[in-house]
Amino acid sequence: YRKAQKRILEHNAVAREISNEGALKPALQIWAYVQSIPEPNRAIIAFGKRDAAFDAGYPMAVLHYRSSWSKPKEINSDEYPIVNMMDQHAFLQCPSNHDLLVGDILVFDISHPCLTCDK
């Protein structure tokens, strides 16, 4: 996903012009609950291959929301990568200082929105 984005921005002046500080905006995002935190550095997220396309890369976590907050907080997707997906669950690696709780919502950018809509 990031390699494709970089290639598009390097070779397409229109994409550079409409991009936001060099980053293309996703056409689709998925909001999903943190379902479980079975290990200190791992969270199970309530979506999987049946819900989101993954052919051009796993979805990337970009926002973190808790019901007591007024709005979501940005998170660094490099620090919260999905490392595996099953049919109905995604496995998220977390930094040791994460503050995720079961029931929180994470927002993911999708690498290929057409296939996600097809699901």
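Student: Among contacts between residues at least 6 apart in sequence, what percentage join residues at least 24 apart?

Tutor: This is a predicted model. In its protein chain, 64% of the contacts between residues at least 6 apart in sequence join residues at least 24 apart.

Student: How many helices and strands does the chain have, and in what order do they run?

Tutor: The chain has 3 helices and 7 strands. Reading from the N terminus, the order is α-α-β-β-β-β-β-β-β-α.

Student: How many bridges join E3 to E4?

Tutor: There are 2 bridges between these antiparallel strands. In E4, Lys 73 is the bridge partner of His 64.

Student: What share of the residues counts as buried?

Tutor: The protein chain has 119 residues, of which 36% count as buried. Its accessible surface comes to about 7,400 Å², and 50% of that surface belongs to carbon and sulfur atoms.

Student: Which residues touch the most other members of the largest nonpolar core?

Tutor: This core has 19 residues, and those touching the most other members are Ile 45, Phe 47, Leu 92, Leu 106 and Phe 108. Strand E1 (29-39), E2, E5, strand E6 (90-93) and E7 each supply at least two residues of the core. E1 gives the most, with 3 residues.

Student: How many aromatic pairs are found, and how are the rings placed?

Tutor: To read such a pair, one considers the distance between the ring centres and the angle between the planes. A search of the whole structure finds 1 aromatic pair. The rings of Phe 47 and Phe 108 have centres 4.9 Å apart and planes at 65°, so the pair is edge-to-face. Phe 47 lies in the loop between strand E2 (42-45) and strand E3 (60-65), while Phe 108 lies in strand E7 (residues 105-109), so the pair ties together parts that are 61 residues apart in sequence.

Student: Are Phe 47 and Phe 108 buried or exposed?

Tutor: Phe 47 is buried, with a relative accessible area of 2%, and Phe 108 is buried with a value of 0%. Leaving out residues up to four places away in sequence, Phe 47 touches a list of residues that includes Ile 30, Ala 32, Pro 59, Ile 82 and Phe 108.

Student: Where is Tyr 58, and what is it in contact with?

Tutor: Tyr 58 is also placed in the loop between E2 and E3. With a relative accessible area of 31%, Tyr 58 is partly exposed. Apart from its neighbours within four places in sequence, Tyr 58 is in contact with Ile 82, Val 83, Asn 84 and Met 85. Tyr 58 and Ala 90 are 32 residues apart in sequence, and their C-alpha atoms are 9.3 Å apart in space.

Student: How many salt bridges does the structure hold?

Tutor: Side chains of opposite charge can pair when their charged atoms come close. The structure holds 4 salt bridges. One of them joins Asp 87 and Arg 50, whose closest N and O atoms are 3.5 Å apart. Asp 87 lies in the loop between E5 and E6 and Arg 50 in the loop between E2 and E3, so this pair ties together parts that are 37 residues apart in sequence.

Student: Which residue forms a salt bridge with Asp 104, and is Asp 104 buried or exposed?

Tutor: The partner of Asp 104 is Arg 66, with the closest N and O atoms 2.8 Å apart. Asp 104 is in the loop between E6 and E7 and Arg 66 in the loop between E3 and E4, 38 residues apart. Asp 104 counts as buried at 2% relative accessibility, and Arg 66 counts as buried at 16%.

Student: Which residue forms a salt bridge with Lys 73?

Tutor: Lys 73 pairs with Asp 99, and their closest N and O atoms are 3.8 Å apart. Lys 73 belongs to strand E4 and Asp 99 to the loop between E6 and E7, 26 residues apart. Lys 73 counts as partly exposed at 40% relative accessibility, and Asp 99 is partly exposed with a relative accessible area of 35%.

Notes:
Residues are numbered from 1 along each chain as its sequence is written. This is a predicted model: local features need pLDDT of at least 70, side-chain atom pairs count only at pLDDT 80 or more; totals for chains, interfaces and linings use all residues. Side-chain values use heavy atoms; hydrogens and water are left out. Helices (H or I, at least four residues) and strands (E, at least two) are DSSP runs, numbered from the N terminus. Buried means under 20% relative accessible area, exposed over 50%, partly exposed in between (1.4 Å probe, protein chains only). Contact means heavy atoms within 4.5 Å. Accessible areas come from the Shrake-Rupley method with a 1.4 Å probe; for residues, only the protein chains shown count as cover. Rings of Phe, Tyr and Trp (its six-membered ring) pair if their centres lie within 6.5 Å; planes under 30 degrees apart count as stacked, over 60 as edge-to-face and the rest as tilted. Two strands pair if DSSP finds at least two bridges between them. A nonpolar core is a set of buried Ala, Val, Leu, Ile, Met, Phe, Trp, Tyr and Cys residues joined through side-chain atoms within 4.5 Å. A salt bridge is a side-chain nitrogen of Lys or Arg within 4 Å of a carboxyl oxygen of Asp or Glu.
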